[in-house]
Amino acid sequence: MNKAVQTSSRSTPAESARPQEQQRYVVPPVDVFENESSITLLADLPGVPRDQLQVRVDGETLILEANAVTGGPQDLELVYGEAQCPAYRRQFTLSRELDTGRIEAQLRDGVLRLTIPKAEAARPRRIEVQAG
Amino acid sequence: MSPMFRPSADLFAELNRMQSLLDQVFPTPGTSIRSMAGAGFPVLNVGTTPGTVEIQALAPGLDPAKLEITVDRGLLVIAGERASDLPNQGERASVYANERFSGRFRRVVSLPEDADPARVDASYRDGVLRISVARRESALPRRIEVN
């Protein structure tokens, strides 16, 4: 079976900017797996509250965009920073047998879980062999 | 760089650090050698205010009750375990991407000498662990009036 969700490579430079907007973003790490009825995508989006997350389907492209809320005291002086880019973005190409109208999204403790069901016709069917 | 944090003295640790930062954004040089122990999970930011040392760990999908945070002789240790969310082998499922960290982790931050281990606050929200360590009063800048 073909890869139903094509993941863009993790080796893409994390700070690659979109040409027009020059906005920097982090490519979040994901897990993607598939069972008979759906594809599940898990993405690490730490610091993102629900209202700062956008999941869009544009044609066959699934786009995740999110902004992390960086709280903390006003007079904070950063001493050591490994993560200083509060925006996340990643996109995936969906295959046609997925039912994009019924995607379920759940965001909990900074982990997004997307469940993308397969269209009914695309689910595997067990064919009974008649004894005869 | 703040002189309170020990500068790195190990060249190989520095090289390892550079490698681990390749897919992260904007590294700042001059880190504590000890804060690199944990190979990337959770990602840490450390900052100071006049009254506290603030540590921010990007650790999504954890049970805060199972996080072990200890302060011992000037070292703050964040340890725990993140279970894999992938389906088990027996289940009929195909895995296409497995990029998220799973397993045990441990990261260590060396605290400045004026940090008070008795006054540490930690909170966990939206997958971000924030630890605030108070600094002793004597370390606060004080203005001395000249009569």
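Visitor: Where in chain B is confidence lowest, and where is it highest?

Guide: This is a predicted model, and in chain B the confidence is lowest in helix α1 (residues 11-20), at a mean of 56, and highest in strand β8 (residues 128-135), at 93. Averaged over chain B, the pLDDT is 77, and 72% of the residues score at least 70. Over residues 25-39 of chain B the pLDDT is below 50, although this stretch has 47 contacts in the model beyond near neighbours in sequence. For residues 1-9 of chain B, where pLDDT stays under 50, the model has 18 contacts beyond four places in sequence. The scores of the model are ipTM 0.73 and pTM 0.71.

Visitor: Which elements does chain B have, and in what order do they run?

Guide: Chain B has one helix and eight strands, and from the N terminus on the elements run α-β-β-β-β-β-β-β-β. Of the 147 residues in chain B, buried residues make up 29%. Among the contacts in chain B with a separation of 6 or more, 57% are between residues 24 or more positions apart.

Visitor: Why is B:G74 called partly exposed?

Guide: A residue is buried with 20 or more other C-beta atoms within 10 Å of its own, and exposed with 12 or fewer. B:G74 has 13 C-beta neighbours inside 10 Å, so B:G74 falls in between and counts as partly exposed. B:G74 is found in the loop between β3 and β4 of chain B.

Visitor: Which residues is B:G74 in contact with, leaving aside its neighbours within four places in sequence?

Guide: B:G74 is in contact with B:S110, B:L111, B:E113 and B:A115, for which the C-beta atoms must lie within 7 Å.

Visitor: What makes β3 and β6 of chain B stand at the edges?

Guide: Three strands form an open sheet in chain B, in the order β3-β4-β6, and the pairing is antiparallel. Each of β3 (68-72) and β6 (103-110) has a single partner strand, so one side of each is left without a neighbour in the sheet. From one strand to the next, the twist averages 15 degrees.

Visitor: How do you know that β4 and β6 of chain B pair?

Guide: Two strands pair if there are at least two bridges between them, and eight bridges join strand β4 (residues 75-82) of chain B to β6(B), so this pair meets the requirement. The two strands run antiparallel, and B:R82 stands opposite B:G103 in β6(B).

Visitor: What makes strand β2 of chain B mostly covered?

Guide: In strand β2 (residues 52-58) of chain B, seven of its seven residues are buried. Both faces are covered, with B:T52, B:E54, B:Q56 and B:L58 on one side and B:V53, B:I55 and B:A57 on the other. This division can be read beside a general rule: in a regular strand the side chains alternate between the two faces of the sheet.

Visitor: Which strands pair with β2(B)?

Guide: Strand β1 (residues 43-48) of chain B pairs with β2(B) in the antiparallel sense over six bridges, and a hairpin joins β1(B) to β2(B) through three residues. In this pairing B:V43 stands opposite B:L58. β2(B) also pairs with β8(B) in the antiparallel sense, over seven bridges, and there B:V53 stands opposite B:V133.

Visitor: Which residues touch the most other members of the largest nonpolar core?

Guide: They are A:L41, A:A43, A:Y88 and A:L112, in a core of 26 residues. The elements of chain A that give two or more residues to this core are β2 (30-34), β3 (38-44), β5 (61-67), β7 (87-94) and β9 (111-117). Another core, of 21 residues, lies apart from it and includes B:I55, B:A57, B:V109 and B:L129.

Visitor: How many bridges link β3(A) and β9(A)?

Guide: Seven bridges link them, and the pairing is antiparallel, with A:T40 opposite A:T115 in β9(A).

Definitions and conventions
Residues numbered from 1 in each chain as written. Chains lettered and ligands numbered in written order. Predicted model: local features only at pLDDT ≥ 70, side-chain atom pairs only at ≥ 80, totals over all residues. pLDDT = per-residue confidence, 0-100. Helix = DSSP H or I, 4+ residues; strand = E, 2+ residues; numbered from the N terminus. Contact = placed C-beta atoms within 7 Å. Core = buried A, V, L, I, M, F, W, Y, C linked by C-beta atoms within 7 Å. Axes fitted to C-alpha atoms, helices over the stretch in contact; angles between N-to-C directions.
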